[in-house]
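Subject: Structure handover

Hello,

Please find the structure below. My notes come after it.

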Amino acid sequence: MSFMPVILWTDALIFALLAGVLALIWFIRRHDHLRAPWVVVAQRPMAMGAALVLGAFAVTGLLDSLHYRERLPDSQAGKPQYSVEVMSVFDALVSGLRTRQEKTYSGPLAIQLYAMEFVERNGVAVRDYPRLQYGGAHLQHAEERRADIARRTLAGAAQGALASLLLFAGLVAWQARRLKLPVGTWLARWRQGSLNWPARTLVGMMALMLMLGGAMAQLASGYHVLGTDKVGQDVLYISLKSIRTGLVIGTLTTLVTLPLAIGLGIVAGYFRGWVDDVIQYIYTVLNSIPGVLLIAAAVLIVQVYIESNPERFDTAAARADIRLLALCLIMGMTSWTGLARLLRGESLKLRTLDYVEAARAFGVSNARIISRHIFPNVFHLVLIAVVMDFSGLVLAEAVLSYVGVGVDPSMYSWGNMINGARLELAREPAVWWQLGAAFAFMFALVLAANLFADGVRDAFDPRLGGRR
Amino acid sequence: MKPLLRVEGLVTEIGHDAAALRVVDGVSFHVAAGETYALLGESGCGKSMTALSLMRLLPDGGRIAAGTVHLDGQDVLALPERDMRRVRGGGMAMIFQEPMLALNPVVKVGHQIVEALVLHQGLSGRVASEAACGLLDSVGVPDALRRLDSYPFELSGGLRQRAMIAMALAGQPRLLIADEPTTALDVTIQAQVLDVLRHLRTERRMGMLLITHDLGVVAENADRVGVMYAGELLEEGARDAFFAAPQHPYSRMLFAALPHGLLPSRAQEPVADGSPLGRPGDGARLTTIPGQVPKPGDRIRGCRFAPRCPFAIARCRDQSPDWQVINDQRVRCHLAGMLPPLNARGVTTPAHSIQAAQALLQVDGLKVHFPIRRGFIQRSVGYVRAVDDVTLSIQQGRTLALVGESGCGKTTVGKALLRLIEPTAGSIVLGGESITARNASTLRRQAQMVFQDPFSSLNPRMRVADILLEGMDALGVGAANQRRDAVALLLRQVGLPDDAGGRYPHAFSGGQRQRIAIARALAVSPRLVICDEPTSALDVSVQAQILNLLKDLQDSLGLAYLFITHNLAVVDYLAHEVAVMYLGRIVEQGPATAVLRAPRHPYTQALVNAVPRIEPPAGQRIVRLAGDQPSPLNPPNGCHFHPRCPHANETCRQIYPDQTVVGSGHWARCHWVAAQGQALPVRSPN
């Protein structure tokens, strides 16, 4: 075998989460009352457009979670040796971006370095901006750059448009056959927007994303689209790699939050009395300790643990990963209180409802009442909270890494990018592209998550009448 | 007489274009000054929407699609919003159903009234607060000056509703719109508030638009009546003509569906005739209106009522009827004037005799005290005596009604019997077996409960079949593989379609949900069913269906009911025996005929008296109770009822009365009754 699969802790958890989500989708599809609000979500153009963007992020993150170590070329057949560098499928797909490393900073789509150096020109050492090793290396003259960029952009966009046309044709054929409609009728309905799902928005969004992706791909093969950072790494590559970090923080943290919030919240509200008192004291105390302090302490502990047990972590990636996991854990431990409080209140209300009384009149056990009567009726709140918290957690990671208590400095993350760009902003002219790229990616992800969360909340909120 | 309010062809829609729901469809009527016009209808018929359209206060998405509204000759719908604000409150004012929701809970009552005065009369400072005090006084709030400084939560429901009325009067409106003004109130308080409204109308010569579902309230208060159904006005006429001869089949069936056993004609029956085993309502089934009130979204061709009308002919189903005038009445029915005369419901003798069985349930000295905890270590500083020494017995196949105003502890009794609330003291013997916390599952096999609100008593996330199976599973009733068949049988028993089991509760209407709730209670084949106001959340026509069902089930299964209610008409129809509760204690108990026809305790008398009648009781002295029920936290000394009792004397203030037997199985706890010297006080009735 030419590689050895590596399953990091977070990888395992992410795929477990994916399996959980798929199981949940399967479960929801089989229950009408659970499916109904999702049908409403699926009919909202804004939510579905956002979901498409989220999907693109998620696919990138998932590809980036399939890790492996390459076999060293000079290792013996019987006793294979593997590279210490942990790669992912995503790395392999965009290997060009990863390997084409420059010396130091260069601007977006630049063909020269950002700093002056002595270069030898016709035997004379001149102080000048040297040409980049990879960015625009195919150009003979600097003047061709503009035309080349335009050509590549157009070609990429055209490829994207072509791909989306093909996809659309496939969709039309499939849908028309499924609904047993003539293609023309389906197209007319699509144009009027009278299908029962937001097909126009989705098709438009898909085309836009494909065209953007095509243009990016074309440009990236010859340039550093978003420039390079201090050590000459492609900023686009870093930004893309950061997606996984953001997603891990956003999703795994909720995985830690949920059992605590649901369990303690419902138990406190349902049993009341001293149970309620104890749980309330716990979360009041937890809430009154500054979160950053707890996080900093926990990260320090993990750091010490890693350093005192080096034999447990064979690669740098494993070390960074365990720190990421620890961050998720501690953020989860500090952020369950809000949801728990909400669920406690809701359970307090539900326990007095007649159907719970009726169940008690039958002598149904508490565990069964909670699982059959209380939990299903607070589930929509859990869902709304999860979707809403996601964006907050992604942003929290950025802030924590900026403060220095976030993920491992060697890990690609938007927080680390911002942290790295912090000092360079003072340069004249400023190095803005690192910050800009982190901002743009984070903005796209958080905006999409928020728009989607909005759609979910509207569909699940009984006051807006979406439920019945 | 020039009308004060004239509404012509009002059409109100909610939603847009194709999806628009016509909640009000071509309603025309007029109200003269000093007149009360009652809009009568079941829930969802569009009566509140009509009122909101008049005020132009429609909810989001609602709009007036057609029609005109003239108030004193001024076109209200054409006014710009700026002027409309002066009309609201100044021209017409509105009183809402739920006074707690209509008053701002964090602003003192006085401020809220003064605010209206400042807005509409330009008063300020001292003058305004004096005017506010005067207004509160005029709506009969005792100690008005002190009440100005109260927050809404410090007032009882009746006082809150009066404060609302005072606020509405602040703008000196010419028209008062009262949207179910007394539905949320107890019957004795309702009588007080209706008195206030009647008094104000004559004093200020206001027009009044009274919106209600209660025929009794209409009969006592309205001058003219309009019956609404599914967004349309079906019938209109002067009160006397309408109540003498309702013309529309719907109006007629509303009358028939009402359990009006308290008609004065029957009240004059000699008490002795009521056999101790029968009940007043025996033999007469309520007429029910089949089906449900159509939803605003349902498109119905022809007459709206045709699908539920027993007289409907082919023409009704595709041609909407026009107004037909009969004497003083207008009616929209193709068959107007051709219907057979309204037949008086005959009182037949009970068709079946019930065996005198021994007591199925015997409760002695039941007490439920809730501790009031204060302070850091939650020490109890006192007790709310929600139920204080209640003794009851119910025989197999019989119905005991527990009657009382809200807060008297009747629901607590029901829950304590099922040990949903742990009783503080007392013994419960069910079917000869003493029930303690240890053998609670025996209790649960034999006694079950049907709750008041069919919307909160069914878990919206469970299928009907699972809801019905829950009790059987929990108590291990029957073999597991036969339970599915049992579900089908139960559904048939309560008159639900066979496929109901696979659906979720939200697919059913209120009446159907209550049937599901009854089926759930029956699933474990109990011998006693505790019904906690099972029909108070339902419309009149649906209420009749449920009452008939309960009666049928009792006859076929020999169930005993503990029927908890505040609705005396329902008691009259269903109960064999009645126990009247006041402040945690039973003050009068006896056979239904005796208690309802010849009440002895002053409280029972007032309760029976306060029920709005369709035909006013002739020659009977009206007893109106003053004040509110005291708090069970701090009950008055002596007889709990003495602060409100017209006959109270010094003894009443000091000594709690013993039972006085006044007839066979009929007793009351009252010094006044005892002093009338008709019977000797007996310490132990059973």
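The notes below cover the domains of chain B and then one of its sheets.

This is a predicted model, in which local features need pLDDT of at least 70 and side-chain atom pairs count only at pLDDT 80 or more, while totals for chains, interfaces and linings use all residues. Residues are numbered from 1 along each chain as its sequence is written, and chains are lettered from A and ligands numbered from 1 in the order in which they are written.

Domains. Chain B is assigned domain 1 (1-91 + 174-250), domain 2 (101-172) and domain 3 (359-675); such bounds come from an automatic or database domain assignment. The centres of domains 1 and 3 of chain B, taken over C-alpha atoms, are 35 Å apart. Between these two domains, 18 residues of domain 1 are in contact with 17 residues of domain 3 (C-beta atoms, placed from the backbone, within 7 Å). On the domain 1 side, α8 (187-204) and α9 (215-221) of chain B are the elements that give two or more residues (helices are DSSP runs of H or I, at least four residues; strands are runs of E, at least two; both are numbered from the N terminus). The largest share of that side, seven residues, is from α8(B).

Sheet. Four strands of chain B form an open sheet in the order β14-β13-β16-β17, with antiparallel pairing (two strands pair if DSSP finds at least two bridges between them). Its edge strands are β14 (379-395) and β17 (433-435) of chain B. Strand β13 (residues 359-374) of chain B is joined to β14(B) by twelve bridges. B:Leu366 has B:Val390, in β14(B), as its bridge partner.

Regards
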